2 protein chains.
Amino acid sequence: MSRASTALEPSAREPATPLYVRVARTFESQIENGSLKPGDRLPSVRELSRRLGISVSTAVAAFAWLERHGAIHARPKSGHYVSAAYPPTAAPRARRECPPSPSRVALADIVVDIHQAAHRPGMARFGNAVIAPELLPEGRLNRSVRLAAAAFPRHATTYESPAGNPRLRRQISRLAYRLACNIAPDEVIVTCGATEALNLGIRAVASPGDVVAVESPGCFEMLQALESCGMKALEIPARPRDGMDLDVLDSAIRRHAVKSILMTANCHNPLGYVLPDGVKADVVALARRHRIPIVEDDAFGDLAFAEHRPRPLKSFDTDGNVLYCASFSHLLAPGLHIGWVHAGRFHKRVEALKSITTLATATLPQLALAEFLESGGYERHLRKLTGTLLRNIRLLGASVARHFPVGTRATYPDGGYVLWVQLPRGIKGFDLYSAALEHRIGILPGILFSPSRRFRDCVGILCGAPWTEDSERAIATLGRLAGQQT
Amino acid sequence: MSRASTALEPSAREPATPLYVRVARTFESQIENGSLKPGDRLPSVRELSRRLGISVSTAVAAFAWLERHGAIHARPKSGHYVSAAYPPTAAPRARRECPPSPSRVALADIVVDIHQAAHRPGMARFGNAVIAPELLPEGRLNRSVRLAAAAFPRHATTYESPAGNPRLRRQISRLAYRLACNIAPDEVIVTCGATEALNLGIRAVASPGDVVAVESPGCFEMLQALESCGMKALEIPARPRDGMDLDVLDSAIRRHAVKSILMTANCHNPLGYVLPDGVKADVVALARRHRIPIVEDDAFGDLAFAEHRPRPLKSFDTDGNVLYCASFSHLLAPGLHIGWVHAGRFHKRVEALKSITTLATATLPQLALAEFLESGGYERHLRKLTGTLLRNIRLLGASVARHFPVGTRATYPDGGYVLWVQLPRGIKGFDLYSAALEHRIGILPGILFSPSRRFRDCVGILCGAPWTEDSERAIATLGRLAGQQT
């Protein structure tokens with residue numbers, strides 16, 4: 001078993017963003033800054049090709065990208081037009097930041113309160129990091145559970161090994177082609193969801209008191225994992241489109257004894273971006289140069305709206321320096337609660353930690369998931385789900401644009417179901433969160449996404465449930481409440 | 001919800017060991033030191049009552065205790081006789097110890113190796129801390145899984161709350177009468193087995209670098225939990241019969257900044273004792289006096305050979321100072337892998353840690369266990385299981401006595417399935433462990449049970465599987481190998 005190399009093409013340095021995406025983004029910024037307005041007609045494919053000196057197929061791909069992102073729509077025999085709902089709002093402003101310094105995390109109490117609030121009956125759940133059961137393949141999952149239980153009558157009376165069930169590890173290995181990675185079954189360690197995967201990953205590479213670089217804003221589950229281990233977070237500003245500022249990261253590493261980098265390259269929570277492959281390669285190279293392991297959170301990577309599943313950082317890793325953490329929990333089967341780690345050169349340490357902290361993952365959930373993956377419906381499910389989530393997030397964005405006060409800005413996610421909203425000056429995200437609770441609407445206050453409680457003017461609005469008239473009404477209420485906070 | 005009090009009779013201080021046990025133990029030591037030999041006749045009940053000035057019923061109870069422990073047997077119309085198999089060996093010697101000092105734990109690597117060795121095919125599994133599936137109610141568990149899956153079709157697609165499924169928490173609360181405790185459903189936090197329960201408990205009361213008092217020898221899962229959190233273990237010598245030396249504990253607390261006491265009062269692993277209620281009350285009082293929380297490992301408490309389920313330390317706790325950790329994993333359903341914590345005044349902290357480290361326990365295993373407990377067969381299962389384990393451990397003890405070199409000593413457990421064997425001078429437990437591996441026999445080296453790697457002359461032999469002729473042969477081989485080590 002080789003732990004050193006997992007990238008399929010270890011030597012291939014990806015070019016930066018593909019040409020068609022760069023072309024598409026030019027239009028996107030014109031739409032964002034208002035030089036193209038809803039209803040405006042775009043040049044024809046031929047015209048565009050001639051004007052920019054690009055191939056027709058590149059022009060077609062650029063328009064397809066814009067259509068997929070809901071920015072434009074085609075009218076038969078007429079051409080492409082800017083869609084009405086685009087952009088819902090301007091993107092959150094980039095921030096001027098002081099050089100980062102490490103800080104202790106203390107989010108546990110507020111997170112428990114939010115969890116409990118989210119589970120109150122009758123809540124409009126825009127603060128729940130879950131996908132609604134009706135969007136998950138309940139019938140097929142239950143069938144897999146029944147088949148697995150019947151095929152392995154000893155499932156209840158035997159422990160799994162700490163690293164996990166061999167059948168499931170084989171299936172995860174089989175699906176690794178989607179990640180452009182080559183992962184052997186015995187390189188997979190099965191965990192109790194992504195949360196345990198991240199905890200084990202972090203604890204394998206850093207100790208209490210150590211400094212870990214994180215995106216700011218960043219996924220609060222990862223921040224909490226740091227908190228629970230007594231580690232310090234070094235917040236590196238993440239830009240709404242292209243993530244962590246690598247220059248800031250590089251100079252921060254030179255100034256602080258950074259032990260690890262926690263990073264989400266795909267469907268970032270909360271900013272929603274998918275990093276271009278060029279940036280991914282740069283990050284992995286930077287970490288390798290500094291000999292600092294990366295713990296990669298790719299739990300949402302399968303939720304990208306792109307045609308092809310985006311590559312993880314892991315696929316650029318040639319020396320086992322990336323600990324890859326993923327999960328089937330959020331996006332397929334929360335109740336089975338299965339995640340996994342491919343820990344590269346830290347495999348043995350993660351396996352030992354797993355055996356020490358939870359011994360093993362429950363048996364039947366592993367067998368049932370293996371059965372489900374063997375039967376081959378996973379990718380079909382993802383296509384359906386990401387279609388729904390893309391629609392949801394666009395409807396949510398449009399609704400925020402309609403109802404929130406002038407000056408509100410929001411992201412335009414490449415995947416996932418989190419909309420990151422920056423409120424106009426003077427409105428506090430936590431006040432809006434509290435006011436919304438009174439109206440039985442759950443959202444997430446921005447301070448959750450930063451150990452030093454930045455992003456006081458932001459909220460996260462999640463849309464993992466089917467969009468209904470009630471959703472629209474709840475966002476209207478939120479907008480009204482936001483207006484009252486000034 | 002009151003977290004302060006869980007003892008049913010908070011004011012009742014138990015007397016020390018009951019009189020009949022003390023009487024029985026007098027005979028036991030006479031058997032152990034050879035003044036009573038196999039085949040010797042004991043005095044009659046009447047004679048004993050007159051000679052010691054005790055009631056006839058106390059004398060009857062003493063003989064019943066000795067019979068239950070396999071020390072004596074009754075012949076109709078003739079009286080009570082010392083059994084042939086008793087004692088298998090003398091008890092391990094009490095040790096002269098230096099005053100304890102805290103040490104870092106570093107057992108992770110060796111434990112992973114032992115785990116892997118234990119799972120090799122064809123191994124005689126005297127080193128596996130598992131109860132064989134054939135001793136567990138497989139059919140009834142599978143039925144519970146089927147019923148639960150059918151009754152809750154959303155089990156796969158919904159997360160449980162971090163604290164656990166309400167139905168299961170109700171069942172655990174209902175069964176708390178067996179612990180002489182009064183535990184409300186919302187005081188229960190469901191975990192991924194006892195391992196997670198202990199980890200959460202320890203992390204709730206102590207931080208990296210802190211000193212935690214532990215029994216020596218002690219359960220290596222608990223020691224590993226300390227290791228993984230970077231805490232230091234302060235080894236308090238535990239005596240084969242009555243556990244931690246409370247005087248040593250008391251003075252150690254005065255000298256070191258002890259943050260918590262980790263303790264197993266029932267069916268201690270590896271020594272097998274159940275502490276007398278008086279000692280339990282003393283420990284809880286001592287901890288309360290010093291304001292140091294106790295993390296209690298009661299995962300084996302249901303495996304006691306006594307008529308009544310022994311009380312946990314928790315039942316003597318009046319101010320929420322004991323974090324009670326238990327499990328249905330080992331002794332009922334390893335594959336469901338469910339444990340729980342009652343964390344007293346640390347409830348909120350443990351709940352937050354649970355949500356941070358594994359978010360939630362898988363849903364169907366919780367529903368299935370709730371279904372099983374509701375259907376009422378748990379106590380019947382325990383009666384059957386402890387009967388088998390008692391037979392096993394006595395047969396194992398007798399076999400060790402027959403085959404091991406002269407001078408070997410062993411415990412006489414009050415519960416569980418671990419025999420702690422002290423080898424004659426010059427024989428190293430680790431050498432025997434290694435030699436046994438070559439012969440495909442798994443046992444546990446004594447150094448596993450101590451952070452400072454004491455107990456080099458000891459091994460743990462586990463008998464959670466049905467006793468067969470192969471078992472007898474394996475122990476004979478072990479004895480021969482031990483003889484060759486001198």
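**Before starting**

I note for myself that this is a predicted model.

**Entry 1: the sheet in chain A**

I began with a sheet in chain A and asked in what order its strands lie. The order is E13-E14-E17-E16, in an open sheet of four strands with antiparallel pairing. Next I looked for the edges: they are strand E13 (409–410) and strand E16 (444–445) of chain A. Each of these has a single partner strand, so one side of each is left without a neighbour in the sheet.

Then I went through the pairings. E13(A) pairs with strand E14 (residues 418–422) of chain A over two bridges, in the antiparallel sense. I picked out A:Ala410, whose bridge partner in E14(A) is A:Val421. I also checked what packs on the sheet, and found helix H13 (residues 378–403) of chain A, which touches E14 and strand E17 (458–462) of chain A. The direction of H13 makes about 20 degrees with that of E14(A).

Moving along, I found E14(A) and E17(A) running antiparallel and joined by five bridges. Here A:Trp420 has A:Gly460 in E17(A) as its bridge partner. E16(A) is joined to E17(A) by two bridges, and these strands also run antiparallel. In that pairing A:Pro445 stands opposite A:Val459 of E17(A).

**Entry 2: a closer look at E17(A)**

I wanted to know how many residues of E17(A) are buried. The count is five of the five, so the strand is largely enclosed by the rest of the structure. I sorted them by direction as well: A:Cys458, A:Gly460 and A:Leu462 point one way, A:Val459 and A:Ile461 point the other way, and all are buried.

**Entry 3: the sheet in chain B**

I turned to chain B and looked up its strands E13, E14, E17 and E16. They form an open sheet in the order E13-E14-E17-E16, with antiparallel pairing. Strand E13 (409–410) and strand E16 (444–445) of chain B are at the edges, and each has a single partner strand, so one side of each lacks a neighbour in the sheet. Strand E14 (residues 418–422) and strand E17 (residues 458–462) of chain B run antiparallel, with five bridges between them. I found B:Trp420 opposite B:Gly460 in E17(B).

**Entry 4: H14 and H15 in chain B**

Helices came next. The axes of helix H14 (residues 429–438) and helix H15 (residues 469–484) of chain B come within 10 Å and cross at roughly 130 degrees. That angle makes H14(B) oblique to H15(B). The crossing is right-handed.

Which residues meet here? From H14(B) I listed B:Leu432, B:Ala435 and B:Ala436, and from H15(B) B:Leu478, B:Leu481 and B:Ala482. Sorted by class, this contact has six nonpolar, no polar and no charged residues.

**Entry 5: H6 and H12 in chain B**

I checked another helix pair in chain B, helix H6 (residues 166–174) and helix H12 (residues 363–374). Their axes come within 8 Å and cross at roughly 40 degrees. The two are therefore oblique to each other, and H6(B) passes H12(B) in a left-handed crossing.

On the H6(B) side I wrote down B:Arg167, B:Leu168, B:Gln171 and B:Arg174. On the H12(B) side the contact is made by B:Gln366, B:Leu369, B:Ala370, B:Glu371, B:Leu373 and B:Glu374. The classes here come to four nonpolar, two polar and four charged residues.

**Entry 6: cis peptide bonds**

I then looked along the backbone. In chain A, the peptide bond from A:Asn269 to A:Pro270 is cis, with omega near 15 degrees. A:Pro270 sits in the loop between strand E9 (258–263) and helix H10 (277–290) of chain A. In chain B, a cis bond joins B:Asn269 and B:Pro270, with omega about 15 degrees. I placed B:Pro270 in the loop between strand E9 (258–263) and helix H10 (277–290) of chain B.

**Entry 7: positive phi**

A:Leu359 has a phi of about 70 degrees and is not a glycine. I found A:Leu359 in the loop between helix H11 (347–357) and helix H12 (363–375) of chain A.

In chain B, phi of B:Arg291 is near 55 degrees. This residue lies in the loop between H10 and strand E10 (294–297) of chain B.

Is each of them buried or exposed? A:Leu359 counts as buried because its relative accessibility is 11%, under the 20% cut-off. B:Arg291 is exposed, at a relative accessible area of 72%, which is over 50%.

Key. Residues numbered from 1 in each chain as written. Chains lettered and ligands numbered in written order. Predicted model: local features only at pLDDT ≥ 70, side-chain atom pairs only at ≥ 80, totals over all residues. Heavy atoms only, no water. Axes fitted to C-alpha atoms, helices over the stretch in contact; angles between N-to-C directions. Parallel < 35°, antiparallel > 145°, perpendicular 65-115°, else oblique. Left-handed = near helix turned anticlockwise from the far one by under 90°. Contact = heavy atoms within 4.5 Å. Nonpolar A, V, L, I, M, F, W, Y, C, P; charged D, E, K, R; others polar. Pairing = 2+ DSSP bridges. Buried < 20%, exposed > 50% of the residue type's maximum accessible area, 1.4 Å probe, protein only.
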